[in-house]
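Reader: Could you walk me through how to read some features of this model? I would like the general idea before each case.

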Amino acid sequence: MAMTPEPLPGGIHAVDFQAPPPSPVGPGRRSSFANDDVLSEYLQQSLKVPDLVLPDRVFPRQNSAQNPPRIDFQKLGSLENESGFEVCDLIAQVGCFEVINHGISRDLMKLALFLAGGIFEIEPEKKKTVARSPERRYGFEEIVHGEEEIKDQGEDFLWCGDEEMRLEMEGVWPYAFSNFSQEMEKLWGEIEEVGRKVSEFIQMHSLNWFPPENGLAEEQETAGKVCYIQKHCRKMEEELSENSLRYDVIRMLIRGCEFPHALSLHVWSGSSDFHVYSKKGWVSFTPAQDSIVVTVGDELQGWSNVCNGQYKHVIGRPIFKAEDKKPISMAFLFSPPNDAYSSKDDSTVTISVTQQIIFVILITTPIYQFYLYISHIFV
């Protein structure tokens, strides 16, 4: 039996209200629009999504450029001006160069690299106590290549030569770190001398060079002695190795300006090729044995941007062969001292206005007295 609603008491009428708008047409029903085909054509033309083509590589392709210049350190001062300008022009094109006959003992370099390998043998629990953080600029930094676990994966250690680092590292690696630190100080002194002479050579043979004003005291205090020590992954399968390389490049580009520097001087153990990465692409070459590869840093780019933007910041890293068991590399970050880029003519002296007035008085007074004396005689 059907039920009918009861009337409201007291003759009260229901409140009048407007009905809601009709619901949209369901997916299974056709539109009531008269010219349906015209509307569909209009929507397809006006709302067409463009075809997107994504890059197939994380970093640019390899450039077929010539090898970077190779500089004989012992003959650096004897290069003629024309040859020096040509060398610096090649450095600007590639972003790096080799230094041979640098005078640094091969035994010193091998010993420092060998002792550096021992840093990565420290127990993982102890490494965590000296891991890098916003409060600690030195220490360990694990390199994780994606989500896959890689046996014998690469690691980074940032050495800065601070007393605080020395005390903390001797607590987790007693005796051995003291020996390593001593050899690193010796090698740093030799590397610094090479960097100083090379930077002077670049200054003398660069076009329209304008030295930075007031030195770089603030940046020098921030950087100080800095060396990136890296334990590289062993040779892996081709696909995994390419993914590892892409990750390393992105990581290096991110940290590229972490510590401002003019030049980065690279040394390593074993035989390897060397890759140089920039925004334009990357270049690969085979360095000479025992040479030092020098790459352009962000400070040198900033100084050259003042005039003609001749130099560009690049990232460099060695690529090791499959037979290298424990490949270790070091990248020393160098910035010249504050007085390195002072004016070439050090004999120029600036005389203030007060000194000029005193000088004029001292010169004119005897002349005036002599004039009065002569006038008195002949009058």
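Author: Let us take confidence, an aromatic pair, a helix and a serine in turn. This is a predicted model, where local features need pLDDT of at least 70, side-chain atom pairs count only at pLDDT 80 or more, and totals for chains, interfaces and linings use all residues. Residues are numbered from 1 along each chain as its sequence is written, and side-chain values use heavy atoms, with hydrogens and water left out.

Reader: Where is confidence lowest, and where highest?

Author: pLDDT is the predictor's confidence in each residue, from 0 to 100. Where pLDDT is low, the predicted coordinates should not be read in detail. Here the chain average is 75, and 58% of the residues score at least 70. Helix α7 (residues 217–223) is lowest, with a mean of 45, while β9 is highest, at 96. Helices (H or I, at least four residues) and strands (E, at least two) are DSSP runs, numbered from the N terminus. Over residues 145–151, pLDDT stays under 50.

Reader: How do I read an aromatic pair?

Author: Such a pair is described by the distance of the ring centres and the angle of the planes. Rings of Phe, Tyr and Trp (its six-membered ring) pair if their centres lie within 6.5 Å; planes under 30 degrees apart are stacked, over 60 edge-to-face, and the rest tilted. There are 10 aromatic pairs in the structure. Phe 120 and Phe 140 have ring centres 6.3 Å apart and planes at 75 degrees, so they are edge-to-face. This pair links distant parts of the chain, with Phe 120 in the loop between α3 and α4 and Phe 140 in strand β3, 20 residues apart. Together with Phe 157, they form one aromatic cluster.

Reader: Is Phe 120 buried or exposed?

Author: Buried means under 20% relative accessible area, exposed over 50%, and partly exposed in between (1.4 Å probe, protein chains only). Phe 120 counts as buried, because its relative accessibility is 5%. Phe 140 is buried too, at 6%.

Reader: Which residues of α2 are buried?

Author: An α-helix has 3.6 residues a turn, so residues three or four places apart point the same way. In α2, the buried residues are Gly 84, Val 87, Cys 88, Ile 91, Ala 92 and Val 94. Their cover includes β1, β2, α6, β7 and β9.

Reader: What does the side chain of Ser 291 contact?

Author: A polar contact is a pair of N or O atoms within 3.5 Å; within protein, one must be able to donate a hydrogen and the other to accept it, and residues adjacent in sequence count only if both atoms are side-chain atoms. The Ser 291 side chain makes one with the side chain of Glu 98, at 3.1 Å. Ser 291 lies in the loop between β8 and β9 and counts as buried, at 4% relative accessibility.

Methods:
Contact = heavy atoms within 4.5 Å.
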